[in-house]
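Let's take a walk through this one together. Have the sequence and the model open side by side, and we'll go from the whole to the details.

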Amino acid sequence: MKLSARDLRCVRGGREVFSGLDFTATAGEAVAVIGPNGAGKTSLLRLIAGLLASGGGSIALEGGNDELTLPEQAHYLGHRDAMKPALSVGDNLAFWRDFLGGEASDMEAALTTVGLDHIAHLPAAFLSAGQRRRLSMARLLAVKRPIWLLDEPTSALDTAGQDAFASLMAGHLADGGILLAATHSPIGIPAQELRIGTIA
Amino acid sequence: MTALAALIRRDVRVALRVGGGALIGVLFFLTVVVLMPFAVGPDLALLKKLGPAILWLGALLASLLTLDRLFMADLEDGSLDLILMSRTPLELACVAKALAHWLVAGLPLIVATPALGLLLNLDGAATGAVALTLLAGTPALTFTGMIGAALAVTLRRGGLLLAVLVLPLSIPVLIFGVAASQAAATGPLSFGTPFSILCALSLASLVIGPFAAAASLRQGLD
């Protein structure tokens, strides 16, 4: 499997965010997207996820499932965690598992892995920022997708959480997955660097 | 199907929880209809004549009131991103969301109608006719309103805009809904003609609404 982008261009609000962006990631490879605030890290991830209209260039996935589009084979973990405060932790995760088509047996294990199994009955409104992040991580595990697009994945996580997430990412890569992470701090696994924006 | 059932179940449960907004519509409906007899005065004949129109207006405004949250809540918490990326066609996801909205915001209005009919001096047949026309017509309000909700989703605080956008689409529903109820209550027109048109409006919006809403959601990507 190979994810490649050629000459990508992104325009937002009439302003060019970046242009001429190339990268290639093969199965088992991680890409760390690095750049100053406003350089377009989030825009790049959303572009790949099909959530932004492309301003030019092409993105191609080779060796994936030909019947599915690229966004359908990807997980997007953004700043907003897509969890309803009124529903419990378990209900929130169960919804995304059912809606995104995950296996029933994966959910308990996912909650245990991210360390939220003891509060599965608690409404998501009572979670801290770090716990909400962990719940989003559980979604990555409850539904299998070969491509992970992660926006600041380790923000709000404690050291133990960052280590846990690093091992999740390592496991995903070992299974032949691809991941792109927009980040300011090291993500804890070997990754090729993709710098966007002006480098001071 | 699992995905759509899960989406309907989630939206219904979120709406029924505290602060979820399912009660807002029916409470607004109640307020409008209860206040009306006091405003009109104790003229029973006039109330009976106005009754179906008052009930329909209340139902229309109540559904507009709750529709603006249809996609906005999902946009704000990021759920909309995942729904757009999912393997479920966006059109079907829109159908599921509209169905869930109708279950929690449309159906209670119909259930409340018999009790409110008493306040407006409507007899059994007239109340039944209004309830039946609401049952046939409120899906049209939800599915056309969904188009406005999808258009307004990219604009923050688009609530009032939604009402203006949806207005031309809801006027035919209002006309034929009230015409059918009044035909049953007082005559002389037959009930069947306006009621058939009302059903046709509902069926057409059931088909057009999801496609239009999905198209405007895709267009609004940002």
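What follows starts with the two chains, moves on to where they meet and what is packed inside, and ends with a few individual residues.

First, some housekeeping. This is a predicted model, in which local features need pLDDT of at least 70, side-chain atom pairs count only at pLDDT 80 or more, and totals for chains, interfaces and linings use all residues. Residues are numbered from 1 along each chain as its sequence is written, while chains are lettered from A and ligands numbered from 1 in the order in which they are written. For the complex, the predictor gives an ipTM of 0.89 and a pTM of 0.89.

Let's begin with chain A. Along the sequence they come in the order β-β-β-α-β-β-α-α-α-β-α-β-β. The C-alpha trace of chain A spans about 45 × 40 × 30 Å along its principal axes. For 200 residues, a compact globule would have a radius of gyration near 16 Å, and the 17 Å of chain A agrees with that. The radius here is taken over C-alpha atoms, and the globule rule is 2.2 Å times the number of residues to the power 0.38.

How much of chain A is buried? The figure is 44% of its 200 residues. A residue is buried if 20 or more other C-beta atoms lie within 10 Å of its own, exposed if 12 or fewer, and partly exposed in between, with C-beta atoms placed from the backbone. As for contacts (C-beta atoms, placed from the backbone, within 7 Å), take those in chain A between residues at least 6 apart in sequence: 74% of them join residues at least 24 apart.

A compact globule of 222 residues would have a radius of gyration near 17 Å, and chain B, at 18 Å, agrees. Buried residues make up 49% of chain B. Among its contacts with a separation of 6 or more, 79% are between residues 24 or more positions apart. Chain B averages a pLDDT of 88, with 97% of the residues scoring at least 70; pLDDT is the predictor's confidence in each residue, from 0 to 100.

Now for the place where the chains meet. The contact takes 24 residues from chain A and 21 residues from chain B. On the chain A side, strand 5 (74-77) and helix 2 (89-100) each supply at least two residues, and helix 2 gives the largest share, five residues. By class, that side has 16 nonpolar, three polar and five charged residues. Here Ala, Val, Leu, Ile, Met, Phe, Trp, Tyr, Cys and Pro count as nonpolar, Asp, Glu, Lys and Arg as charged, and the others, Gly among them, as polar.

Next, look inside. In soluble globular proteins, nonpolar side chains tend to be buried together. A nonpolar core is a set of buried Ala, Val, Leu, Ile, Met, Phe, Trp, Tyr and Cys residues joined through C-beta atoms within 7 Å. The largest one holds 130 residues, and those touching the most other members are Leu93(A), Ala138(A), Leu149(A), Ala181(A), Met146(B), Ala149(B) and Ala150(B). Helix 7 (residues 124-152) of chain B contributes the largest share of this core, 14 residues. If you zoom in on Ala181(A), you'll find that it touches Ala30(A), Ala32(A), Val33(A), Leu150(A), Pro153(A) and Ile187(A), leaving aside residues up to four places away in sequence.

Helix 4 (residues 129-142) of chain A is worth a stop too. Its 14 residues should span 20 Å at 1.5 Å a residue, and its end C-alpha atoms are 20 Å apart, which agrees; the expected span is 1.5 Å times one less than the number of residues. Why is helix 4 of chain A largely enclosed by the rest of the structure? Because twelve of its 14 residues are buried. Among them are Arg132(A), Arg133(A), Arg134(A) and Arg139(A), along with Leu135(A) and Ala138(A). The cover over the buried residues includes strand 5, helix 2, helix 3 (106-113), strand 6 (147-151) and helix 5 (159-174) of chain A.

Finally, a few single residues. The loop between strand 6 and helix 5 of chain A holds Glu152(A), which has a positive phi of about 45° although it is not a glycine. Glu152(A) is buried, with 20 other C-beta atoms within 10 Å. Ala156(A) also sits in the loop between strand 6 and helix 5, and has a positive phi of about 70° without being a glycine. With 14 other C-beta atoms within 10 Å, Ala156(A) is partly exposed. Is Gly20(A), by contrast, buried or exposed? Gly20(A) counts as exposed, because it has 10 C-beta neighbours inside 10 Å. You'll find Gly20(A) in strand 2 (residues 15-26) of chain A, and its C-alpha lies 9.1 Å from that of Gly56(A), which is 36 residues away in sequence.

Notes: Helix = DSSP H or I, 4+ residues; strand = E, 2+ residues; numbered from the N terminus. Contact = placed C-beta atoms within 7 Å.
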